[in-house]
Every structure is written in C-alpha cells, then in structure tokens.
Amino acid sequence: LLATLDVVYCVSDYVRVQLLCGVSGAIEGDSEKVQVIHNALSVPQSMIASQQKRQLSLVYVGRFIPEKGVLELAQALAVVLPKFPQWQAIFLGAWGFGHAVGKSNYEQEVYAALAQVSTQVDFRGHVAQAEVMKTLATSSIVVVPSVCGEAFGRVALEAMSMANAVVVSHFGALPEVAGSAAIILPEVNQTFLISTLTELMADPTKIKEIADHCQQRAINQFNVLNIVKHLDSTRAALLKD
C-alpha cells in the first residue's frame, strides 16, 4: 500500500506507528507519506458558555464489551459510590447496535457488579449523539477505561471539550488525546480505578481544575479550524508535487 499510495492520513500518531511497524525501515521514504490528521471537534460557543452548572455524575459512553473495560469500571464503582451517596454513575451504550440491550452475558456481569449500588446507577442504553453531548454538558467526570488499542478516542475528546474531568487508560491513542490535561491510568484494574476515582470525587477543586485543563486542550489542540488548515496544507503539498 505504501508503495502505491501517495499519502495516508492517520487519525493519531498511534495509528501511524502501527501502520509503519515492521515496514518503515524497509521502504525508504515511504514513511513520509503517512501523515497524522487528528479528529476534530467544533464546540458551539453556547455549549462552552453553559459549563458552570455541573451535576455530581460520572459518565461512561461506549459499547459494553470486554475491550472497553466496562466491567473493571463497574467493579470499582461498586466500592467507590457508597462513599459518595450524592453521586450518580450514568452508562450510555450497550453491547452493540442492533442488539437488544442487556442480553449479552457481559452486560449481565456489569449489571450484577453494580447491583448493590443500583440506586446510584442509571443505565440508559443506546442514545442519540445529541443526548450524549447533552449529558456530557452537565456531568463532572468521564471515564474511558479501554483495555484495547483505541485508534483515537473520540469519547475522551468529546468529554474534554464539554469540560469534564476525564480519566483514560494508557492504551492506544488515548494518552495522545489526553495529553497532560486528563488523568491517565497506568493500569486498568480495581486498585487504580478505586484510588483515582475516590481521590477525584472527594475533591471538587481538583475536578474543576482538571476539567478546565481538559477543555482548553480540546479547544486548542483539536480545534476544527486548525485541523482543517493542517489538512489543507498537506493536500496542497501533495497536489503541488
């Protein structure tokens, strides 16, 4: 592919490294064809301006599959939530589109893990993107505990743009999206999740500080206008050649 294509756009440097793994040294010059064009977000000014009123809610958005680390998060929340009775955990998503919610064994494991704190948990299943963004506009913490190599991590970026204190795993491109703004888990297990979430939920000042940093990174590093300029300049250079 690299020998025949003029350029390859990757949504993250993580994807670029994976594409070039084992071939960058063998095909001289072709690695320069592989460019990183990050996904971008355009956050309406009206949404940015409405970030003052936050609810004591922690949100997970995504599929309920092992690769996403949902069970690990649920098991940690079963320990953490009783310490913070005023907090609520909101889960947006299910096993997969086209599948009935709650029918997979894995989903049942997640439900069972949170059975003792069910009054503090809201499983909403699949929801429209507009509802996802509306939820993120009022939540305080978003956790992206993937245990697989995420190609980008759009949920993390969306949560950051909406001024949440974001916690991500160290897999794939999630640290690339998070930068130094969000919290990056060294491992996805109960020990690290419990300690991280307990410390964060107990400190409103820290939540706001991290949320502010997350939003600024999202706006500055992934601004759609800047990304489009990068894409245009890359395309212009290709056409010129």
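Predicted model: local features only at pLDDT ≥ 70, side-chain atom pairs only at ≥ 80, totals over all residues.

Me: In what order do the six strands of the open sheet run?

Reply: The order is S5-S4-S3-S6-S7-S8, with parallel pairing. Strands are DSSP runs of E, at least two residues, and helices are runs of H or I, at least four, numbered from the N terminus. Two strands pair if DSSP finds at least two bridges between them.

Me: Which strands stand at the edges?

Reply: S5 (121-125) and S8 (183-184) do; each has a single partner strand, so one side of each has no neighbour in the sheet.

Me: And what is the bridge partner of Val59 in S6?

Reply: Val142. Two bridges join S3 (residues 57-61) to S6 (residues 141-144).

Me: New topic. Where does Ala163 lie?

Reply: Ala163 is in the loop between helix H6 (154-161) and strand S7 (165-168). Its phi is positive, about 60°, although Ala163 is not a glycine.

Me: Is Ala163 buried or exposed?

Reply: Ala163 counts as buried, at 9% relative accessibility. Buried means under 20% relative accessible area, exposed over 50%, partly exposed in between (1.4 Å probe, protein chains only).

Me: Which exposed residues are on the face of H9 turned away from its buried side?

Reply: Thr205 and Lys208. The buried residues of H9 include Ile207, Ile210 and Cys214.

Note on methods:
Residues numbered from 1 in each chain as written. Heavy atoms only, no water.
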